[in-house]
2 protein chains.
Amino acid sequence: MGRWQPDARGRLARAALELYVERGFDRTSVAEIAERAGLTERTFFRHYADKREVLFAGSSELQDVLARAVAGAPESAAPMDAVAVALEAAAGVLEERQEHARQRQSVIDANTELQERELIKLASLSGTLADALCERGVDEASAGLAAEVGIAVFKFAFRRWVDRAEDKELSLFIRESLAGLRAVTADA
Amino acid sequence: MGRWQPDARGRLARAALELYVERGFDRTSVAEIAERAGLTERTFFRHYADKREVLFAGSSELQDVLARAVAGAPESAAPMDAVAVALEAAAGVLEERQEHARQRQSVIDANTELQERELIKLASLSGTLADALCERGVDEASAGLAAEVGIAVFKFAFRRWVDRAEDKELSLFIRESLAGLRAVTADA
DNA sequence: CGTTTGATGACAGTCACTGACATCGCTCGG
DNA sequence: CCGAGCGATGTCAGTGACTGTCATCAAACG
């Protein structure tokens, strides 16, 4: 049992999720997470900025996926269409780990601090989308709006997907929600 | 200097904002806020759940305004129109304290934890909007989407309003943003 | 004037998070 | 094969947010 077991970061993330599920986020101390991972509290904070961040490390991957999808959308695509493409790409990533996503979400739903962190991560994704749209030559105002609204749609679709036991695909909910968006904004 | 100076809550809020502006949020301790208000740290936490909440106490007022505005919108108004009415009503509240709003926002913009709190307050406003729409008989899906998107538009408009020195009205930015939303979602 | 009630003070305790320094295991040039 | 260097970890002390508990004080009430 050397000091150097592999994948300390991953062990911490798994230990944290397990404990958050078993006993709840605020009944879990960082010392306990570290202990289960065979490490010390100090080392936890070398891998994750804080006790919440351990649940959100994957968010940077989503950022890459969104940025690449927007950049790769056909030139002819309107801003909102590029956003739609990106959201479906992100959906693909989440669908690969459906069970993990559901478990993680149930932990987040049970704790306000975690919800706050989730929201700022989503806001950061919105910023990524906006930047990627600007790269396509979309004016800043339209880019910002399309990104903000796109993330709003994603939140809405993701919620519906997570809340249902059926295994209807997330991308389906996203298409439905985009259609709903057009319906709701059209009539006036 | 009796123990019973009036408006302890208000004194704490003012002291907190002053200190957050002077020295920044994380360089300010709760003990310092309490001292400036002539109270103790323990008493601060009796009035505000945490160090951040002192900047967001007014959010419940916005909730009332939004709910009432949606309820009071003409029966003929489509969901998104009712949302528009509500957003302008909220804008009115903020415009009464433009200077306070700008100062407060500069503090929030300088600190991530405060941004997180702001986002969850906005999400809560979105929930309020959705509930109010449901009360009007709007189906839950449309209500949720309209609310979510409405708040996205509000965030966008508010940001533009705060960032400009000119005293163009917030409600103007909201109307512009709603128009932008329709433009961005229309072509497809 | 005594009692009650609600707000405050005082104090100890937990835990998230940080800085500083020691230690360990691996790698690489010799 | 060996020692230097380096990156990851351990150890420890400290700060500050937040909580529970009990004492205390000012005002309202009978």
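Select Lys155(A) and Glu148(B) in this predicted model. These two residues form a salt bridge across the two chains, and their closest N and O atoms are 2.8 Å apart. The same rule-based approach may be followed for polar contacts: 9 residue pairs, both members at pLDDT 80 or more, are in polar contact across the interface of chain A and chain B.

Sorted by class, the side of chain A that touches chain B has 15 nonpolar, 7 polar and 9 charged residues.

Now display the whole interface. Here 31 residues of chain A are in contact with 31 residues of chain B. The area buried between the two chains is about 2,700 Å², and carbon and sulfur atoms give 70% of it. Select Glu116(A), Leu145(A) and Val184(A) as well: together they supply 23% of the area that chain A buries against chain B, more than any other three residues.

Leave chain B aside and turn to chain A by itself. Its domain assignment gives domain 1 (8–51) and domain 2 (56–186); give each range its own colour. The centres of domain 1 and domain 2, taken over C-alpha atoms, are separated by 28 Å.

Where the two domains of chain A meet, 8 residues of domain 1 are in contact with 9 residues of domain 2. About 650 Å² is buried between these domains, with 68% given by carbon and sulfur atoms.

For the last stop, select Arg117(A) and Asp50(A). Their side chains meet in a salt bridge, with 3.0 Å from N to O. The count of salt bridges between domain 1 and domain 2 of chain A is 1. Likewise, 1 residue pair, both at pLDDT 80 or more, is in polar contact between these domains. By class, the side of domain 1 that touches domain 2 has 5 nonpolar residues, no polar residues and 3 charged residues.

Technical notes
Residues numbered from 1 in each chain as written. Chains lettered and ligands numbered in written order. Heavy atoms only, no water. Domains from an automatic or database assignment. Contact = heavy atoms within 4.5 Å. Buried area = accessible area lost by both parts, 1.4 Å probe. Salt bridge = Lys/Arg side-chain N within 4 Å of Asp/Glu carboxyl O. Polar contact = N/O pair within 3.5 Å; in protein donor to acceptor, adjacent residues only side chain to side chain. Nonpolar A, V, L, I, M, F, W, Y, C, P; charged D, E, K, R; others polar.
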